[in-house]
Amino acid sequence: MSVQTERDQAAEQSTAATESTSTTMKIEVVVLPVADVDRAKAFYEGLGWRLDIDLSPEPAFRVVEFTPPGSPTAIIFGTGVTDAVPGSTRDLMVVVSDIEAARADLVERGITVSEVFHDAGGVFHHAGTEKRVPGLAPERRSYGSFVSFADPDGNTWIVQEVTQRIPGRTVWTTFDDAAALAQALRRAAAAHGEHEARTGKEDPEWPDWYADYMVREQAGQELPA
């Protein structure tokens, strides 16, 4: 059996397994091990992440939760929530649409952050600083440019620039507030007006078109014509 045939069969099996899955599973929370809860809380507040809860129902148990802006997944740290070694979490990843703007924001917030880099292999970043190449990815390829930083305990984060999603990649469409949603609707309305002008007829399925446009826009995918 050829390597390509094996890969094709594996892909088919993976697709079949995905299609047969009946339970939707979404990553909701990542638990971080920290030594000083208040120090960690101050750090993530300084990042501009939203504080969701800070609860201590008993003396030896405290739960602090933060959510990055626009993220469906939160982080939790505290006292008695994990027995992992403080600072042992490596390379948690967040994505942004503009890596240079994101780095500038981190610097402005007083965060020690690496220079922009890409990986010599061009697929995904290697462990640690191995094979890091300074500067943006060639042709500023989506998924290819990164910066990194660490929290006070040494838990490390990677920021990745994603401007166009891999076809079929499941994405979340979220808006920070009503104003952001309204702006997205206006952009969709303007684009839909051009769409109707090209087709020369009124589109009765405009809600579907709007939805498709707004999801693709946030995902960095090719927009509908």
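Colleague: Which residues does Ile 75 touch, not counting residues up to four places away in sequence?

Modeller: In this predicted model, Ile 75 touches Val 29, Val 30, Leu 32, Tyr 44, Trp 49, Val 64, Glu 65, Phe 66 and Trp 157. Contact here requires heavy atoms within 4.5 Å.

Colleague: What makes Ile 75 stand out in the largest nonpolar core?

Modeller: That core has 23 residues, and Ile 75 is listed with Tyr 44, Leu 47, Phe 77, Phe 149 and Trp 157 as having the most contacts inside it. At least two residues each come from helix H2 (37-46), strand S3 (61-67), strand S4 (74-79), helix H3 (99-108), strand S8 (145-150) and S9. H2 gives the most, with four residues. Apart from this core lies another, of seven residues, including Ala 184, Ala 188, Trp 209 and Met 214. In soluble globular proteins, nonpolar side chains tend to be buried together.

Colleague: How do you know that the buried residues of H4 line one face of the helix?

Modeller: The buried residues of H4 are Ala 184, Ala 188, Ala 191, His 192 and His 195. Seen down the axis of H4, these residues fall within an arc of 110°, and therefore they line one face. The face turned away from the buried side carries the exposed residues Ala 178, Arg 186 and Ala 197.

Colleague: How does the span of H4 compare with the one expected?

Modeller: Helix H4 (residues 178-199) has 22 residues and reaches 31 Å from its first C-alpha to its last, close to the expected 32 Å. Just after H4, Gly 200 takes a positive phi of about 75°.

Colleague: Why is Tyr 143 called buried?

Modeller: Buried means under 20% relative accessible area. Tyr 143 has 17%, so it is classed as buried. Tyr 143 is found in the loop between S7 and S8, and it has a positive phi of about 75° although it is not a glycine.

Colleague: Why is Asp 91 called partly exposed?

Modeller: Partly exposed covers values between the buried limit of 20% and the exposed limit of 50%. The relative accessible area of Asp 91 is 26%, so Asp 91 is partly exposed. Asp 91 is found in the loop between S4 and S5, and its phi is near 55°, a positive value in a residue other than glycine.

Colleague: What makes S5 and S7 edge strands?

Modeller: The open sheet of five strands has the order S5-S9-S8-S6-S7, with mixed pairing. Strand S5 (92-96) and strand S7 (132-134) each pair on one side only. S5 pairs with strand S9 (residues 156-161) in the parallel sense over five bridges, and the bridge partner of Val 96 in S9 is Glu 161.

Key:
Residues numbered from 1 in each chain as written. Predicted model: local features only at pLDDT ≥ 70, side-chain atom pairs only at ≥ 80, totals over all residues. Heavy atoms only, no water. Pairing = 2+ DSSP bridges. Core = buried A, V, L, I, M, F, W, Y, C linked by side-chain atoms within 4.5 Å. Buried < 20%, exposed > 50% of the residue type's maximum accessible area, 1.4 Å probe, protein only. Expected span 1.5 Å × (residues − 1). Arc of directions from axis to C-beta.
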